[in-house]
Amino acid sequence: MTRAFNFSAGPATLPESVLRQAQAEMLEWNGVGASIVEISHRSADFMAVAEQADADLRTLIGIPDDYAVLFLGGGATTQQALMPLNFAAPGQRADYVVTGHWGKTAVKQAKPYVDAQVVASGEAGGFRDIPAQDQWQLSRDAAYVHITANETIHGVEFRDVPDVGDVPLIADFSSSIASEPIDVSRYGVIYAGAQKNLGPVGVAVVIIRRDLLERAGQPRADIFDYRSHVTRDSMLNTPPTWNWYLAGLMFKWMLAQGGVEAFAKLSAAKSAAIYEAIDGSGGFYRNDVAKAVRSRMNIPFFLADDALNARFVAESRAAGLLALKGHKAVGGIRASLYNAMPLEGAQALAAFMREFQQRNG
């Protein structure tokens, strides 16, 4: 079997060693006589898996003790709806900085519960840049300020933590978490779907500064209350145990690779290889995002002749480079370079881009 380089934006590529370990343990895990997907989530065996995953993620990202960590189903979009329910009073203002598709989605999920104010948006410019912070119309009375750390579709990434004063900063880190060191203490809440940098689809990580759990929030069912999930160690109901277990394997793999410092260097090298192929193409390829906020994780780009898009996707797939078709919202081509993508994959894509240009330029 030959595994291709998978540039999917999510569910995304996973390390072969992690997949092989999961394969080897699928039928019978840890000598218990059953699969990890068959044992109780409240058994001592699975509780040990959960506790180790929590500890490893805290080490990997550098999560302080005054932050709770949750492993929940529902993905990041569900968390977008739960943020106002848990951290804002009914109808209270919440500020949103919109830098792409997922920022717009976060506003949509929040609007039924809060006065969701778009205090800055890059939409007028086609989401090619992040508005300068001195243009943000922030309110001191807002329940929180929400940003999307990296926009998976539009390829725009915050390279600095914005200063929002005493208002808690909430960030969707789904597509860039654990790709470089972050100062968790600068955020009130960090949340991320796992299916890009942390593991498989089906589980989300939510990191909450504990003092925010003291907020009354809004009337909500127990299952939508982060406090209840914290009290029950993410086991208020049956969690996605297989996904949690696989995420735990990913955390161990990332730590063994050198942690977020190593992935920061790797991400820089991978993205540089692709951007150099784009910028050096003489206009055959183009990326329209302002260079200061270009994403290291998701690189959308366009061919000078749109008629070549289908040929590029088909020939790249034949060359063992998968899932390069751009998102339907923007078109073109997109390469996602998450932690499990090796440098060799980015280099192979850059070489293919140059060869494709020679044949079609």
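How many residues of the lining of the largest pocket are nonpolar, how many polar and how many charged? I looked this up first.

**Entry: ground rules**

I am working with a predicted model, in which local features need pLDDT of at least 70, side-chain atom pairs count only at pLDDT 80 or more, and totals for chains, interfaces and linings use all residues. Residues are numbered from 1 along each chain as its sequence is written, and side-chain values use heavy atoms, with hydrogens and water left out.

**Entry: largest pocket**

The lining of the largest pocket divides into nine nonpolar, two polar and five charged residues. Here Ala, Val, Leu, Ile, Met, Phe, Trp, Tyr, Cys and Pro count as nonpolar, Asp, Glu, Lys and Arg as charged, and the others, Gly among them, as polar. I noted a volume of about 240 Å³ for the largest pocket. Of its 16 lining residues, Asp 54, Val 69, Val 230, Asp 233 and Ser 234 are the closest to the centre. The elements giving two or more residues to this lining are α2 (44–61), β2 (67–72) and α5 (226–231). Helix α2 gives the most, with five residues.

For the terms, the search runs on a 1 Å grid over the protein atoms alone; a cavity is a set of points where a 1.4 Å probe fits but cannot get out, a pocket is an open set with protein on both sides within 12 Å along at least five of seven lines, and lining residues have an atom within 4 Å of a point. Grid points are joined across faces, edges and corners, and a volume is the space filled by probe spheres set on the points.

**Entry: largest cavity**

I found one cavity of 30 Å³ or more in a search of the whole structure. The largest cavity has a volume of about 30 Å³. Its lining consists of Asn 86, Phe 87, Leu 212, Leu 213, Arg 215, Arg 220, Asp 225, Tyr 226 and Arg 227. Helices α3 (75–87) and α5 are the elements that give two or more residues to this lining. By class, the lining of the largest cavity has four nonpolar residues, one polar and four charged.

**Entry: whole chain**

I counted nine helices and 14 strands in the protein chain; helices (H or I, at least four residues) and strands (E, at least two) are DSSP runs, numbered from the N terminus. Buried residues make up 56% of the 361 residues, where buried means under 20% relative accessible area, exposed over 50% and partly exposed in between (1.4 Å probe, protein chains only). The C-alpha trace spans about 60 × 55 × 30 Å along its principal axes.

**Entry: helix α8**

Which residues of α8 (residues 309–318) are buried? They are Asn 309, Phe 312 and Ser 316. Seen down the axis of α8, these fall within an arc of 60°, so they line one face of the helix; the arc is that of the directions from the helix axis to the C-beta atoms. Ala 310, Arg 317 and Ala 318 are exposed on the other side of α8. Gly 320 follows α8 and has a positive phi, near 85°.

**Entry: Ile 170**

I located Ile 170 in strand β8 (residues 169–172). Ile 170 is buried, with a relative accessible area of 1%. Not counting residues up to four places away in sequence, Ile 170 touches Met 83, Phe 87, Tyr 144, Val 145, His 146, Ile 147, Val 189 and Tyr 191, contact meaning heavy atoms within 4.5 Å.
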